[in-house]
Amino acid sequence: MRKVWRQLRAQPIGLVSIFIVLALALVGLMAPILAPGDPNELGQDVLQAPGPGHWLGTDDLGRDVLASLIHGIRVSLPVGILSAAAALLIGIAVGAIAGARGGWIDGAFMRLTEMFQVIPAFILAAVLSALSGPAEWQVIAVIAALSWPQPARVMRGEVIRLRQLDYVEAVRCLGISERRILLGEILPNALAPVLAVGAIIVGTAILLEASLAFLGLSNPDVVSWGRMLNAGQRYLFQAWWLSVFPGLTIVIAVLSFNLGGDALAAALDPTAKP
Amino acid sequence: MLRFLLTRLLWAVPIVLVIAVLSFMLLHLVRGDPVTALIGDFPAPPEYVARIRAEFGLDEPIMTQLWRYLVNLAQGNLGFSFANRMPVLDLILSRARITLLLMVPALVAASVLGVIMGLAAAPRAGSATDATITGLSLLGHSVPIFWLAQLLVMAFAVQLQWMPASGMITLRDTPTGWQAVADFLWHLVMPMTCITIYYVAVVARVARAAVLEMLNRDFVLTAMAKGLTHRRVLWRHILPNALIPVVTVVGYSFGSSLTGAILTETVFAWPGLGSLFVSSIAMRDYPVLQGIFLFSATAVVVANILTDMVYWLVDPRLHRRRVRVVANA
């Protein structure tokens, strides 16, 4: 643990990113307390520019932009993290089996990942939302279903690489079963690069959810960053703050996940120099 | 290599089949009642619903329906768009042309710029130039493309008023002749810039990594030792090798660039696939939505095969291998 921390401290940008992610999560959890008012509360001050009273301005219905941004975390973060977690679970399982078994199982798996990678996730998710009504779990399911090949490929490569290393051979000589070697010796060492891929999937998922909401394919009663940009599109000529702030928030969130994931993976890598 | 391409082509058949089945399932299973999917969510008299049901064979077993759907697809019949009063395939193809008009110049520009940025960054790894280029390309990965489009509109159309905010041509006093071309190009600048900025990020990152890897290769050391100038080594020895991963990433990201184009179009009201997609969502024109999914997934498969072919053209080693095979025979 101390070693991981030391590794992280050597990467200031990564460390800041991880703190931003944690801060976002915390603010999202405490949104009802922290946000200046209810994001759905309509006000008299319509389309007000940023200033005292409303730091980031108000939208066409007089709703506070900052309050909406803070409540938007409660959509983007869960969607991002849950879809990445689901994709990682599938990817790790499939990749580990393919890498460990090899042979025709491995071949079939490689073909399968190719099949999943040609389907454009956004278009599938958008058509699905348009057909059956918007739902967050659908977005999560589509992202998980289409992005597991990425971690699976990384996992497979790691398993194949690690299997041939001396330490695994040594354990094998002790007469320990292949299953236990895979779970106890190989998996823990293969996780770091897979985790970095997971962080990228979180970012992709946040962007995808925002894109759907931007097209109006999200629950209209739920405040989200993409929804805000959808409203901002109608007021591009009058109210720049309706577009600039939600977009900036998305960029910061996605960038933090990407950079933080890389840093965490580097810090967790057991072969890294202390 | 020819064999490789042939297997790729053969492998595309089951993939396209799976896409078609998925597309069928979208409309027939997800939607619950496909009748509403066919006529839209309009209140329809029960006799009409019954007639549609019989006409499209919706009372038959699902496998029979799937088979008929696949046969129709094979004949190029993707259904009929009631909202636009024309066959879905014709509609999609006419709009796809307009999207390509935007996408192809943007991708070409992004590739050229990205390679130049990669060539500039890699030999100075760790320098300020390199850090800036790496940082920019990282940022590009994290920006919602439609937000980038909104920023461009706000800056250049609203604030500075240099550029038209939307559309493909000026609708009032539509110009003719060369002026029409100029007018079109003028409208193209902003949406194209948006997609270019976005994809430069992707290309530059890959190009930088590829050039960096080549710098440490023996053949580069040899070229240097022969006394060639840096410039010559970079352009004649490293660039051709570094182009291979660039071609791969541009070709294989066709699906995501199509998505990017669709989202960009909605901001600029560019009348391509993206605008069709959004209006079909609003009108609940389900056959068109299904068609766009089918079309774009198939387009990705085709783009991947084309990429493999270009890959073969770009990589001289693959040619030599073929020559050797011929010589052995």
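Two residues are said to be in contact when their C-beta atoms, placed from the backbone, lie within 7 Å, and this tour uses the word in that sense throughout. The model is predicted, and in it local features need pLDDT of at least 70, side-chain atom pairs count only at pLDDT 80 or more, and totals for chains, interfaces and linings use all residues. Residues are numbered from 1 along each chain as its sequence is written, while chains are lettered from A and ligands numbered from 1 in the order in which they are written.

**Chain A as a whole**

Select chain A, whose secondary structure comes to twelve helices and zero strands; helices (H or I, at least four residues) and strands (E, at least two) are DSSP runs, numbered from the N terminus. Along the principal axes, the C-alpha atoms of chain A fill a box of roughly 75 × 45 × 25 Å. Of its 274 residues, 48% are buried, where buried means that 20 or more other C-beta atoms, placed from the backbone, lie within 10 Å of the residue's own.

**α4 and α7 of chain A**

Next, select residues 65–101 and 136–147 of chain A, which are helices α4 and α7, packed at an angle of about 35° with their axes 8 Å apart. The axes are lines fitted to C-alpha atoms over the stretch in contact, and angles run from 0 to 180 degrees between N-to-C directions. Among the residues that make the contact are Val79(A), Leu82(A) and Ala86(A) of α4(A), and Val139(A), Ile140(A) and Ile143(A) of α7(A).

**α9 of chain A**

Is helix α9, residues 166–173 of chain A, buried or in the open? The number of buried residues among its eight is zero, so α9(A) lies largely in the open. Just after α9(A), look for Gly175(A), which takes a positive phi of about 85°.

**α11 of chain A**

Now move to α11(A), where, by contrast, nine of the ten residues are buried, including Trp225(A), Arg227(A), Met228(A) and Leu229(A). The cover over these buried residues includes α4, α10 and α12 of chain A, together with α7 (145–159) and α11 (254–268) of chain B.

**Where chain A touches chain B**

Finally, show both chains and select their contact, which takes 32 residues from chain A and 36 residues from chain B. On the side of chain A, α6 (121–132), α10 (178–214), α11 (225–234) and α12 (241–268) each supply at least two residues, and α6(A) gives the most, with eight residues.

Key: Buried ≥ 20, exposed ≤ 12 C-beta atoms within 10 Å, placed from the backbone.
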